[in-house]
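Welcome! Please take a moment with the sequence and the 3D view below, and then read on for a short tour.

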Amino acid sequence: FEMIDKDGSGSLAIDEITRAVKEDQEVIDFLENCGEPNLQFLLRPKRLKKALEALDTDKSGEVDEEEWDEAIHRGLAARLEQLREERERRERAARAEDEAFSAAFLNAAREVFMLMDKDDSGSLSHQEILGAVKTNAEVKKFLNDCGDRNLQYLLMPSKLEASLKAIDSDGSGEIELPEWEAAIETALKAKLAQRAADRERRAKEAAAEIAAFTAEFLNAARKVFEMIDKDGSGSLAIDEITRAVKEDQEVIDFLENCGEPNLQFLLRPKRLKKALEALDTDKSGEVDEEEWDEAIHRGLAARLEQLREERERRERAARAEDEAFSAAFLNAAREVFMLMDKDDSGSLSHQEILGAVKTNAEVKKFLNDCGDRNLQYLLMPSKLEASLKAIDSDGSGEIELPEWEAAIETALKAKLAQRAADRERRAKEAAAEIAAFTAEFLNAARKVFEMIDKD
């Protein structure tokens, strides 16, 4: 309001509004997404007068702050309702996904307990755990992926005793089923919390994507209307449409991909008359701005639904890929720690690191590829001391397992961020490729139809 109200009078004159909706992108972006039709119509030159009449309830000829606020609150109510519906849809989907995930996780946990409990005693001894984590791939995979530090430490000889002590709450020396289930419950809570955080992040990204797409789509729609409306009358005559869909590639490209069948049929000479009849709801013989906007918003809704489905497909694929990548990365990191920790002390000395990076190809490959500068510097004699100092947070002179895991967590976050950025880039490239192919394909199909249709 203040950006439009250039003279600070507390009311908006028509010339102030006209200038702002032409020149100020921040004003345009807000009005486009405010949720109140009459405020949105301020962006349409041919509808601005009617919009002002609707907003100016005291008929003063200007929109004062009270009238503005009334419209804004109507828009806010509409936007909040949209948000509520979208949130409820997301929550229903999240509940269903989390229920399925929890059932699968708990079932896998029970299977793993039974695989380790060789004597069917209902408790896991030191020897049973050691045997299982050495020989059973299913047990190793579950523990590696479960997300609970104490359960994961069962995989590491140097941490096995400490892990047993943490899980064995009654101090019996074995892990009874209730103690196992308590640890599994903690792991599941952490998993579900991480899934919720990921969903929240994805929802924010989706909202930004939707807002950007909506603004771009509506701006393009407004521009195309003006390109077709050669006489500036505020309505589209059949001859204006016919000429534009033959000559103007920008108009053709927009209509082809707008998502609204009747607008798309304007490109088909044999279907143009029926499309106009459907669009021309007041039967004036032309398509005015209001009728155009109604069709555009139907198209926008269809395109947003397509975007949502495609985004959800990408996210499902990305989650699965990232979960598999993270599990493999963390498992490799633990394997490398154990390869370096020759004395099974649970910490890496200067000599152990030096020996491993000189002789062990697996260690060298992991450190080289891990993406963390401090871990990579362990490979360089000239940087080794500085790297140790950076990783060794307690200044003990060695890298304990928690310090190693902190460095690995940093490396994994960087890896996942890079993977997300790469996916985003590929998605944009794919969208551009699909749009170009679609336009070319449909243009060819239309041309072929006309070539066959000799009469």
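In this predicted model, the largest cavity is lined by R44, L218, A221, R222, F225, E289, W292, D293 and I296. Helices α10 and α15 are the elements that each give two or more residues to that lining. The space inside the largest cavity comes to about 70 Å³, and the count of cavities of 30 Å³ or more is one.

**Salt bridges**

- Side chains of opposite charge can pair when their charged atoms come close.
- The structure holds 29 salt bridges.
- One of them joins E32 and R222, whose closest N and O atoms are 2.8 Å apart. This pair links distant parts of the chain, as E32 sits in helix α2 (residues 25–32) and R222 in helix α10, 190 residues apart.
- Are E32 and R222 buried or exposed? Both of these residues are buried.
- Another salt bridge brings together R201 and E205, with 3.2 Å from N to O. These two residues are four places apart in helix α10, so about one helical turn separates them.
- R201 counts as partly exposed because its relative accessibility is 41%, and E205 counts as partly exposed because its value is 45%.
- R313 pairs with E310, and here the closest N and O atoms are 2.7 Å apart. Both residues lie in helix α15, three residues apart, which is about one turn of the helix.
- With a relative accessible area of 42%, R313 is partly exposed, and E310 is partly exposed at 32%.
- Salt bridges that share partners also join E32, R44, R47, R222, E290 and D293 into one network.

- An α-helix has 3.6 residues a turn, so residues three or four places apart point the same way.

**The second largest pocket**

- This pocket has a volume of about 1400 Å³.
- Of the 38 residues that line the second largest pocket, the closest to its centre are Q82, E86, A207, I210 and R311.
- Which helix gives the most to the lining of the second largest pocket? It is α5, with 13 residues.
- Helices α5, α10 (177–228) and α15 (289–340) each supply at least two residues of this lining.

- E67 has its place in helix α5, which covers residues 65–116.
- Although E67 is buried, it has no salt bridge. The nearest side chain of opposite charge belongs to K59, 7.9 Å away. A salt bridge needs the nitrogen and oxygen to be within 4 Å.
- The side chain of E67 does reach the backbone nitrogen of T57, at 3.1 Å.
- Leaving aside neighbours within four places in sequence, E67 is in contact with L55, D56, T57, D58 and E62.
- M114 is also placed in helix α5. Is M114 buried or exposed? M114 is exposed, because its relative accessible area is 52% and the cut-off for exposed is over 50%.
- M114 and V139 are 25 residues apart in sequence, while their C-alpha atoms are 10.0 Å apart in space.

**Helix α16**

- In helix α16 (residues 350–359), the residues E352, I353, L354, A356 and V357 are buried.
- What do the buried residues of α16 pack against? Their partners are α15, β7 (347–348), α17 (361–369), α19 (384–391) and β8 (399–400).

Definitions and conventions
Residues numbered from 1 in each chain as written. Predicted model: local features only at pLDDT ≥ 70, side-chain atom pairs only at ≥ 80, totals over all residues. Heavy atoms only, no water. Buried < 20%, exposed > 50% of the residue type's maximum accessible area, 1.4 Å probe, protein only. Lys, Arg positive; Asp, Glu negative; His and termini not counted. Polar contact = N/O pair within 3.5 Å; in protein donor to acceptor, adjacent residues only side chain to side chain. Contact = heavy atoms within 4.5 Å. 1 Å grid on protein atoms, 1.4 Å probe; cavity = no way out; pocket = protein on both sides within 12 Å on 5 of 7 lines; lining within 4 Å. Points joined across faces, edges and corners; volume = space filled by probe spheres on them.
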